[in-house]
Structures are given as structure tokens and as C-alpha cells.
Amino acid sequence: MLLTKEAFGDDFTWGVATAAYQIEGASRDDGKGLSIWDVFVQKKNKIFQNHHGDTACDFYHRYVDDLHLMASLHIPNYRFSISWSRILPGGVGEVNPRGIDFYNRLIDLCLELGITPWVTLYHWDLPHALETKGGWTNRDIKEWFGQYVSICVRHFGDRVKNWIVLNEPTVFTAAGYFFGVHAPGRKGLDNFLAAVHHTALSQAHGARVIKSLQKDSHVGTTFSCSHVEPYTMREKDVVAARKADTLLNRLFVEPLLGMGYPTAEIKVLNRVERYMKQHDEKDLIFDMDFVGVQNYTREVVRHATFVPFLQAKIVSARKRNVELTSMNWEVYPESLYHILKKFQAYDNIPPLIITENGAAFTDQVEYNQVEDPRRLNYIQQAIEQVFRAKQEGVAVKGYFVWTFLDNFEWAEGYHPRFGLVYVDFKSQQRIVKSSGHWYADFLK
Ligand code: BGC
């Protein structure tokens with residue numbers, strides 16, 4: 001199938017996505033406060049080869065060239081995140097004017113170049129000052145987050161209409177507060193469930209704050225999703241897959257839609273009630289203008305007696321002998337189709353936007369060019385899967401490639417490259433990959 005952009009209609013939103021900590025660098029410049037990632041990367045052996053985001057793509061100093069490059073690739077929408085600790089170095093209290101100034105310049109230049117900004121308010125870089133007070137495990141975070149959100153809307157809302165409240169709450173609460181493999185590196189069920197509930201409260205609260213200040217805003221939030229299949233059709237594997245699906249795909253969207261936490265499948269989730277107060281269930285609900293789904297692969301799950309709480313485990317893609325990306329994820333673009341169908345099946349789901357999708361593969365520079373047929377094929381096939389879902393009636397309204405520039409890939413450091421644009425992290429030279437040229441042609 002040779003798809004064109006036109007097949008999706010004029011009102012379909014195409015773009016690229018990035019996140020502040022992964023590209024900005026300038027981690028201590030111009031009055032910025034430390035974030036939990038600035039602190040986490042200093043701990044030994046948490047990150048692949050002890051990489052860190054102190055400089056990353058140096059986007060903070062190079063955004064002018066990078067945005068011009070984006071415009072030259074005909075990319076009409078840019079999703080980026082604001083670093084909370086650049087705006088509020090202490091998390092709450094005094095605003096840093098130089099932080100405001102940076103995002104003002106960034107937004108202004110986007111608009112000047114005809115690029116519509118989509119602002120993510122939280123992409124995992126909590127101010128460290130707030131983590132010392134418990135971070136997402138402290139219920140006060142709902143108010144701290146609300147204040148930060150209102151500052152962003154007051155400063156940028158005259159030019160920014162599209163807001164994304166949170167990036168992938170399941171990932172940052174699980175990796176950061178249960179497994180301890182992401183910042184802030186905390187572990188255990190109690191930390192996790194407290195973080196989950198306060199995050200879900202903040203998700204709805206943040207959205208309410210935006211709407212109260214800006215009536216014509218377009219507000220959404222994003223969820224990490226993976227199509228889940230049982231390893232065999234044995235009852236035990238089917239049950240295990242259902243539990244994994246609950247955790248990976250349903251944990252945050254269902255309370256938002258007014259369905260409460262999905263405790264029926266995973267009994268231990270009932271313990272979240274310890275953190276709940278009267279009226280919370282109602283406060284978790286918000287009628288978003290859109291829901292962002294972010295998908296990279298599928299998961300195959302089997303029963304595992306010794307895995308606490310879940311009795312389920314993921315059968316790694318490597319063991320399944322399938323084609324892998326540099327993240328060791330299965331190359332499986334159809335997952336996006338299944339996820340769109342799954343989300344569409346909720347009764348009161350708002351329109352869906354794919355706010356992230358992409359693939360990491362090893363890249364080679366030859367004669368100043370990067371040929372990346374595997375990434376190009378993946379993106380092309382993923383877009384075909386979006387079209388397939390759309391043809392079947394799914395209200396999907398947009399697609400953002402993850403990501404524009406190769407960047408700091410969290411615990412994996414700089415090793416996996418997801419960019420449409422290659423970055424030489426020593427010289428900071430940028431080279432548009434063949435996938436980037438393909439996307440530019442597609443968008444032209
Ligand atoms: C995150 C990105 C990340 C990407 C690839 C998503 O989970 O939002 O920050 O780089 O996946 O791992």
C-alpha cells in the first residue's frame with residue numbers, strides 16, 4: 001500500500017515529539033534547579049556506561065538551528081516538554097525568569113516558522129527539591145503540580161493551545177517508584193501505589209487548571225500502551241496476560257474515564273485505597289479533549305508462579321526469536337492498530353492521537369549520510385496500521401514520530417537511537433537520516 005498524507009484528511013495532525021531532559025542539556029544553566037534526573041544520573045551504574053543528560057543534544061543553545069531544520073523537513077507540529085525545574089527551580093515558589101524566557105523564545109520561533117507547539121507539562125523531570133519532600137508519593141504534589149501548570153498557562157497560553165498534562169504515568173511511577181530503575185530510584189509497592197494515586201489525581205487536576213484558565217485550550221494526556229498476548233492459550237497464561245494488560249494499558253485511563261482503578265484483575269491494587277480520601281474517585285475524572293497513546297511494541301506474557309503480586313512475566317522478544325530493535329523490543333507495527341482498537345472500545349473515550357511511536361536501530365554515518373531503512377520501514381508500516389484503524393472507524397486524529405533528534409534514552413543512555421535526525425554527540429553535528437527525508441517527503 002502506498003499511503004499519502006492526504007488519505008488521512010486535512011484535519012489530521014502530523015508531527016514529531018521530544019522531551020526536555022532528553023535533549024536540552026544546559027542542566028545547570030540560567031538559574032535552572034536540579035531535577036530528579038540530574039541527581040539520578042550521578043549515581044554509579046544506574047545508567048548505561050554512566051551516561052547523563054548534562055549536555056544531551058545541547059538543544060537549549062541550538063534550538064534555533066534545530067527548529068529551522070524541523071521546518072525544512074515540513075514538520076507542522078512539534079511536541080516538546082517544559083522542564084519544571086527551569087521554570088520553578090525549587091519546584092514551588094519563585095519563578096525563574098530566564099527559564100520562562102527560554103520557552104518564550106522557543107514557542108515564538110515555532111510559530112514564526114509555521115510549526116504548532118504541543119506542550120507536555122511533565123515528562124519525568126520532577127524538581128529534586130520536591131522529591132526531597134516525597135515527590136509523587138506526597139499528596140501535596142497535586143497542589144505543587146497545579147501551581148506549576150497555572151504558571152505555564154499564564155505565561156505561554158496566549159500562544160500555546162495544545163497541552164499534554166503527563167507523559168506516560170505508568171512508566172514513570174513503575175520505573176521510578178516500584179523498580180527503581182528510573183529517577184528517583186525508589187522501590188516497593190507502597191511507594192508505587194502512593195505515586196500512582198497522586199499522579200492520577202494530578203492528571204485530572206492539571207487538566208482542570210488549564211481549562212479554568214484557558215477556555216479554548218485543547219487538553220490531553222498520554223499513556224504508554226502495548227498490545228498484550230498470552231504466550232499460549234492455556235488458562236494460566238491467558239489470566240497472566242490479562243493482568244499484564246491491566247497494568248500496562250488500563251491503570252491510568254480507567255480512573256480518568258470514571259471507571260475507577262482496575263482492581264478486579266489485580267487484587268493488590270486495592271491497596272491504593274490507603275491513599276484515597278473522600279471524593280477522590282470523582283476528582284480522578286476529567287473529560288479530556290484527546291487521549292495520547294504511545295506505542296512501540298507488543299508484549300507476550302506467561303504465567304509465573306514466583307512473580308509477586310502478578311504471577312505473570314513477559315517473555316522477552318529475544319527469547320521469542322523475533323526481529324529486535326536496539327531496545328530489544330520486538331519490531332511489531334501492528335501493535336499500534338490493536339491498541340487503537342482497544343482504546344476506541346471504551347464508551348466515553350475522546351479522540352485519540354498517537355503522541356509517540358518510533359524505533360531505535362543502530363545507525364552508521366557514511367559519506368555524511370545515514371541510511372536507515374529499518375526505521376523508515378517501521379514508521380511507514382506503523383502509519384499504515386494507523387490508517388487501517390482509521391478506516392475501521394477509530395477516531396484517531398494525529399501521529400507524532402518519536403523522535404526528532406537522537407537523544408538521551410533514560411537508563412539506556414545514548415546507545416539507542418530513535419531520531420529522524422542523527423546526532424554526533426561529540427561534535428553536535430546533525431545529519432538527517434533517510435527516514436527523516438522520507439517523512440519530509442510524506443509531509444510535503
Ligand atoms: C518515553 C520517551 C522514550 C521513548 C522510547 C517513551 O516511553 O515517553 O521519553 O524515549 O518511550 O523509549
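This is a predicted model: local features need pLDDT of at least 70, side-chain atom pairs count only at pLDDT 80 or more; totals for chains, interfaces and linings use all residues.

Trainee: What makes the protein chain as compact as a globular protein of its length?

Mentor: The protein chain holds 15 helices and 13 strands. Its radius of gyration is 21 Å, close to the 22 Å that the globule rule gives for 444 residues, so the chain is as compact as a globular protein of that length. Along the principal axes, its C-alpha trace spans about 55 × 55 × 45 Å.

Trainee: What share of the residues counts as buried?

Mentor: Of the 444 residues, 61% count as buried. The chain exposes about 17400 Å², and carbon and sulfur atoms supply 50% of that area.

Trainee: Why is the pair of tryptophan 136 and phenylalanine 172 called tilted?

Mentor: Planes under 30 degrees apart count as stacked and those over 60 as edge-to-face, while the rest are tilted. The planes of tryptophan 136 and phenylalanine 172 stand at 45°, so this pair is tilted. The ring centres are 5.4 Å apart, and rings pair if their centres lie within 6.5 Å. Tryptophan 136 is in the loop between H6 and helix H7 (141-156), whereas phenylalanine 172 is in helix H8 (residues 169-177), 36 residues apart. Both tryptophan 136 and phenylalanine 172 are buried.

Trainee: Which angle and distance describe the aromatic pair of tryptophan 124 and tryptophan 410?

Mentor: A search of the whole structure finds 40 aromatic pairs. In the pair of tryptophan 124 and tryptophan 410, the planes are 40° apart and the distance is 4.7 Å centre to centre; this pair is tilted. The pair links distant parts of the chain, 286 residues apart: tryptophan 124 lies in the loop between strand E3 (116-122) and helix H6 (128-131), and tryptophan 410 in the loop between strand E11 (396-402) and strand E12 (421-424). Tryptophan 124 and tryptophan 410 are both buried.

Trainee: Why is lysine 243 called buried?

Mentor: A residue is buried when its relative accessible area is under 20%. Lysine 243 has a relative accessible area of 16%, and therefore it is buried. This residue lies in helix H10 (residues 235-250).

Trainee: Which residues are in contact with lysine 243, leaving aside its neighbours within four places in sequence?

Mentor: Lysine 243 is then in contact with Glu265, Ile266, Leu310 and Gln311. Lysine 243 and leucine 310 are 67 residues apart along the chain, yet their C-alpha atoms are separated by 6.7 Å.

Note on methods. Residues are numbered from 1 along each chain as its sequence is written. Side-chain values use heavy atoms; hydrogens and water are left out. Helices (H or I, at least four residues) and strands (E, at least two) are DSSP runs, numbered from the N terminus. The radius of gyration is taken over C-alpha atoms; the globule rule is 2.2 Å times the number of residues to the power 0.38. Buried means under 20% relative accessible area, exposed over 50%, partly exposed in between (1.4 Å probe, protein chains only). Accessible areas come from the Shrake-Rupley method with a 1.4 Å probe; for residues, only the protein chains shown count as cover. Rings of Phe, Tyr and Trp (its six-membered ring) pair if their centres lie within 6.5 Å; planes under 30 degrees apart count as stacked, over 60 as edge-to-face and the rest as tilted. Contact means heavy atoms within 4.5 Å.
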